[in-house]
Structures are given as C-alpha cells and as structure tokens.
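The sequence and structure are shown first.

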Amino acid sequence: MTLDLLRPRKARPGDRIAVLSPSFAAPGVYPEVHEQAMRRLAEVTGLVPVEYPTTRRVGATPQARAADINAAFADPEVRAILAVVGGDDQITVIPHLDADLPRADPKPFLGTSDNTNLHHWLWALGVASFYGGSSQVHLGPGPAVDDIHARSLRAALFTGERLEITDPGESEDVGIDWADPRALESFGEREPTEPWSWYGPRRRVTGITWGGCLEVIEWILTAGRFPFPPEALRGGVLLIETSEELLPARQVGRIVRSLGERGILGAVDAVLVARPPVSDLTRRPAAEDRARLREQQRDTVVEVVTGYNPQAVVCVGVPFGHTRPQWILPHGGPVTVDGGERRICADYR
C-alpha cells in the first residue's frame, strides 16, 4: 500500500461516545429500539453515549447533520463516534464536513451501509475507521447483542486485538419491524449459514482494507470522491457487500465490473464478499429460492473479480454488512486472508 493511514487511539471505559444519525434518524421514529441500544452500548463497552441535535431529528438538513459530525470530532471529550444506522443521502452531507478536525484528533468511527460515504471520506484524509456497528440494527433489537458483534465492537473501541473472523453458524437478513414491540426481545428469522466459498490461489495475503456497501461505492466514485489512483489500493483487501434493496445479481456484477475497469480489482490482493441479504420485511422467498439468489450473486461476483485478477484470493459469505450476526471489520486497517488455511484474521489496533 502506498498510503499509511492514521489509526485513532483507543477509548477507555468512562469516555464519551458520540451517537449520530448522519443519514436516517431512526431513533426519532423508533425510540424504544434506540434507547435499548444505548443501554446495551454502555453495558457492553463502558462508554457514555452522547446524542446530538440531529440524532433523533427526522429530516434534518445535510448541513445540520454535518454540524453534528464536526462537533463530535471537535470535542476532545468524545473518544469515539457511532452511526445509528445507514440511509440513502449521506453523500449530500460530505461537502459540509471539516477535513481538518479528524486529522487533528482522529477517533474511531463505526458505521455501515450509507456510512460508506464517511468511511471513504476518512480514508481519503488518511484516517482509518471500522466498517460495521450500527446501533439500531445490532445493539437495540433482539434479546441480546450477538457475541461476534460485541467482541469486534470492544476490539475496535478498546483492545485493538487481533481476532479470527469466524462463521457464527446462523444468519438473518432482516429483524422484526422496529415498530413492533417484539423487536425489543426477539431476533428475526434466522437460518443456518453455508460454508464460505473460496477462490483463487491458496496463498496468504495481508493488506489494508477498503470498500463497503457496493451501491454506495458506486455513488462515491461517480461523484469523484475517491481522489486516488488504483495504485493506492495495491496489495490491499477489498470489502464489498450489498444492501437490503436486494439488487439482482446482474446489477451487482455491473458495479463490480466498473471497479475492474477503474483498476481497483487488479490492484488488490484479496476480496471479501459479505453474505448478501435476499429478503426484507415484505419479501421472503422460499428457502431454495433464497439459496439460489445468494449463489447467483456469488457466481457473478467471482466471475467478474477473477476475470480482472485471477491471482486475487476471494472469500464469499463473510458475515459483515447487512446481515446479522455481524463482524465489525477494520476499514483502512490490516486484515489477513489465508487462502491456504481458509482463515481470515483482522487486526483492530
């Protein structure tokens, strides 16, 4: 890699963590799930959650949401920042952010989905972050916080340890509707996971990660918000996952193909593809159809990636992104993808 990203120092129990809504202010619509998430965040981490003016303000302007992000980075007592959930318009927030603030006082930032915008903004500033951790999805709903989520959350915020990324053995595409009181005490419909699929040479790769939600990456590149040549990703590990909008495999393949034409697929040494959601609150195909949809996306992505870079180590089915349970992964930090041993390890330092 040609870039050496800053890795923010870790928080300590008792520190303050900013809880923000850079995209959709879900806490303003589903406050019970949010409040349970805040209690669990404090219990799991020992941090003190701090809300900002737009955390619960539905329809807040991009300028107002950016002001909260800037305030969180500017406050020396805030030692980490967590996005409650994604959305679809964070790209309009980015132009209003103050680039000097995270450079002056880098802090761990955690979020997924539309927060790919913020991850790439920080990456372009030379600051590492952590992909995952939406409190409205992974902390608030259900009877408890999933073990792999809690372990990676603590590693990202405190310990900085190295963890092996493993399969929890079960997965859900979507939980219970947050408007339903059962969401506070029950998981969604979970099903057994399939073994991860491995492709490419049986070699061991360690590289700095870059990526996120594939649809958002497309927006970012279209807007010209990644100001580096593909060589900046040389030797890295590409993270890609798809959203709850359930893109057909052919559309996923077209976006990945564009990454190939941009030179990104040829630059990286490994690609991690998340287990994709194939159902939502209104659509749940039969089990065999869900399996087929996952296979179609897997086969399409693998065909495109290996066509541009047959030497890349590729693993498909990793639990990050839009399904649950979820690992939080470094974004701009080192991950080892071992094609020989069929293992993945992440360094949260």
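## Basis of the description

Contact is taken to mean heavy atoms within 4.5 Å. Helices (H or I, at least four residues) and strands (E, at least two) are DSSP runs numbered from the N terminus. The model is predicted: local features need pLDDT of at least 70, side-chain atom pairs count only at pLDDT 80 or more, and totals for chains, interfaces and linings use all residues. Residues are numbered from 1 along each chain as its sequence is written, and side-chain values use heavy atoms, with hydrogens and water left out.

## The six-stranded sheet

Six strands make up an open sheet of mixed pairing, in the order β2-β1-β3-β4-β5-β14; two strands pair if DSSP finds at least two bridges between them. At its edges stand β2 (48–51) and β14 (329–331), each with a single partner strand, so one side of each is left without a neighbour in the sheet. Direction ignored, neighbouring strands of this sheet are turned by 30° against each other on average. Axes here are lines fitted to C-alpha atoms, for helices over the stretch in contact, and angles run from 0 to 180 degrees between N-to-C directions.

Within the sheet, β3 (residues 78–83) and β4 (residues 109–111) pair in the parallel sense over two bridges, and L82 has L110 in β4 as its bridge partner. Helix α5 (residues 116–124) lies across β4, β5 (129–131) and β14, running at about 150° to β5. Helix α7 (residues 147–159) lies across β1 (16–20), β3, β4 and β5, and its angle to β4 is about 160°.

## Helices α2 and α7

Helix α2 (residues 31–45) packs on α7 at an angle of about 70°, the axes being 10 Å apart. This makes α2 roughly perpendicular to α7; angles under 35 degrees count as roughly parallel, over 145 as roughly antiparallel, 65 to 115 as roughly perpendicular and the rest as oblique. The crossing of α2 and α7 is right-handed. A crossing is left-handed if the near helix is turned anticlockwise from the far one by less than a right angle, and right-handed if clockwise.

From α2, the residues L41, V44 and T45 meet A150, L153, R154, L157 and F158 in α7. The contact of α2 with α7 has six nonpolar, one polar and one charged residues. In this classification Ala, Val, Leu, Ile, Met, Phe, Trp, Tyr, Cys and Pro count as nonpolar, Asp, Glu, Lys and Arg as charged, and the others, Gly among them, as polar.

## The eight-stranded sheet

A second open sheet, also mixed in its pairing, holds eight strands in the order β6-β16-β15-β10-β11-β12-β13-β9. Its edge strands, β6 (162–164) and β9 (197–199), each pair on one side only. Neighbouring strands are turned by 25° against each other on average, direction ignored. Three bridges join β6 to β16 (residues 343–347) in the antiparallel sense, with L163 standing opposite A346 in β16.

Helix α8 (residues 214–222) lies across β10 (204–213) and β11 (237–241), at about 80° to β10. Its buried residues (under 20% relative accessible area, against over 50% for exposed and partly exposed in between; 1.4 Å probe, protein chains only) are L214, E215, V216, I217, I220 and L221. The elements covering them include α5, β10, β11, α9 and α10 (264–267). Just after α8, G224 takes a positive phi of about 70°.

The axes of α8 and α9 (residues 249–262) come within 10 Å and cross at roughly 45°, which makes α8 oblique to α9. The crossing of α8 and α9 is left-handed. In this contact L214, E215, I217, E218 and L221 of α8 meet Q251, V252, I255, V256, L259 and R262 of α9; by class, seven are nonpolar, one is polar and three are charged.

## Helices α9 and α11

Helix α9 also packs on α11, at an angle of about 15° with the axes 9 Å apart, and α9 is therefore roughly parallel to α11. Their crossing is right-handed. A249, V252, G253, V256, R257, G260 and E261 of α9 make the contact with Q296, Q297, T300, V301, V304, V305 and Y308 of α11. Seven nonpolar, five polar and two charged residues take part.

Q297 belongs to α11 (residues 287–308) and is buried, with a relative accessible area of 8%. Apart from neighbours within four places in sequence, Q297 is in contact with T242, L247, A249, V252 and P276.
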